[in-house]
Amino acid sequence: MYTQNDKRCSLTELVAHIQNGDCLAIGGGLSWREPMAALRELIRQNIKDLKLVGSAHGIDVDLLCGAGSVAVSAESYVGFEQDFGMALNYRRACETGAVKVEDNCCYSLVQQLRAAIQGLPFMPIRSVQGTDFLKLHPEFKTMTCPFTGEQLVLVPALKPDVALIHAHYADEHGNLHIEGPPVADVLFAKASKKVIATVEALIPHDELAKKGVTIPYFYVTAICEVPYGAHPTSCYPNYAYDREHTASYYQAAKHGADSFNQNYLTPFVHDCKDHDAYLLAAGGKARLACLEQWDQSMEKWMQLYE
């Protein structure tokens, strides 16, 4: 339980809570509200050998794989959906053996987190039977239910070392407010040993209380105000997904590891001393203003996807 009155810190200090070899739960999902600024800082700090856990993810996990930060992936999905398709850095890392694959499914992950939250050693599930998940996860066990005679799978509690989340708002105490679907973020926060969060804006406690607390302060270790901290993923209603930037990212990844390092990691991560420098490299105020205009009309929104 974290009860200090003021949890504000710099992005560098925030990310330093993550150590080499940690089990890291990344908040958000797909192209929505992923903690991208913190992940870029993680790469700059050369944090390695991470085990990533999560549900459905995209550029966040792919970026870490392209940077060589990942040892094990226990995600349920990593890709760019119908827009671009396969996550190319992730695929290369898994196929070459650089990243060990421990694929999970969304529901087994949820049950593992629930077990940790409730202080239980495991939770039962009906799913994954008849699949190769049991081969991938020898720690999963089976049992016959003593009440129904039904065959069940038992999944062990999962307690990540760190949950890394991007939220819309926080107060200085660490109460977080997320607009829209929280994905698995609330479960991550309750199950993890530490919770660190970037937020679009820090606001007074009274204002945050009116919006509603999604994750209470006592779960949260540290917070940092990072406007546009989810870019190039979306953070609706603040700004849309930057498809143009993601397309450039994808082209760099498509032509191999050297191309990705030269054409993306170097200009958008290593050569950017901080988040402000990244935003400038990604198009600056003009591009961000364009992404903020998504809600003016359907036409404005669709133009971002052309």
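This is a conversation about a predicted model and the reasons behind some of the words used to describe it.

Visitor: What makes the radius of gyration of the protein agree with that of a compact globule?

Guide: For 306 residues a compact globule would have a radius of gyration near 19 Å, and because the protein has 19 Å, the two agree. The C-alpha trace, taken along its principal axes, spans about 65 × 50 × 40 Å.

Visitor: What else describes the protein as a whole, in helices and strands, in burial and in contacts?

Guide: The protein has 14 helices and eleven strands, and 51% of its 306 residues count as buried, a word that requires under 20% relative accessible area. Among contacts between residues at least 6 apart in sequence, 74% join residues at least 24 apart. The protein exposes about 13,500 Å², of which carbon and sulfur atoms supply 53%.

Visitor: Why is helix H2 called roughly parallel to helix H3?

Guide: The axes of H2 (residues 36–44) and H3 (residues 59–66) come within 10 Å and cross at roughly 10 degrees. Angles under 35 degrees count as roughly parallel, and the crossing angle therefore makes H2 roughly parallel to H3.

Visitor: Which residues make that contact, and how do they divide by class?

Guide: On the side of H2 they are Met36, Leu39, Arg40, Leu42 and Ile43, and on the side of H3 they are Ile59, Asp60, Leu63 and Leu64. By class, the contact of H2 with H3 has seven nonpolar, no polar and two charged residues.

Visitor: How do you know that H2 is mostly covered?

Guide: Eight of the nine residues of H2 are buried, which means that each of the eight has under 20% relative accessible area. The buried residues are Met36, Ala37, Ala38, Leu39, Arg40, Glu41, Leu42 and Ile43. Just after H2, Asn46 takes a positive phi of about 60 degrees.

Visitor: Which residues of H5 and H10 meet, and of what classes are they?

Guide: Leu88, Asn89 and Arg92 in H5 meet Tyr249, Tyr250, Ala253 and Lys254 in H10. The residues of this contact divide into four nonpolar, one polar and two charged, where Tyr counts as nonpolar.

Methods:
Residues are numbered from 1 along each chain as its sequence is written. This is a predicted model: local features need pLDDT of at least 70, side-chain atom pairs count only at pLDDT 80 or more; totals for chains, interfaces and linings use all residues. Side-chain values use heavy atoms; hydrogens and water are left out. Axes are lines fitted to C-alpha atoms, for helices over the stretch in contact, and angles run from 0 to 180 degrees between N-to-C directions. Helices (H or I, at least four residues) and strands (E, at least two) are DSSP runs, numbered from the N terminus. Angles under 35 degrees count as roughly parallel, over 145 as roughly antiparallel, 65 to 115 as roughly perpendicular and the rest as oblique. Contact means heavy atoms within 4.5 Å. The radius of gyration is taken over C-alpha atoms; the globule rule is 2.2 Å times the number of residues to the power 0.38. Buried means under 20% relative accessible area, exposed over 50%, partly exposed in between (1.4 Å probe, protein chains only). Accessible areas come from the Shrake-Rupley method with a 1.4 Å probe; for residues, only the protein chains shown count as cover.
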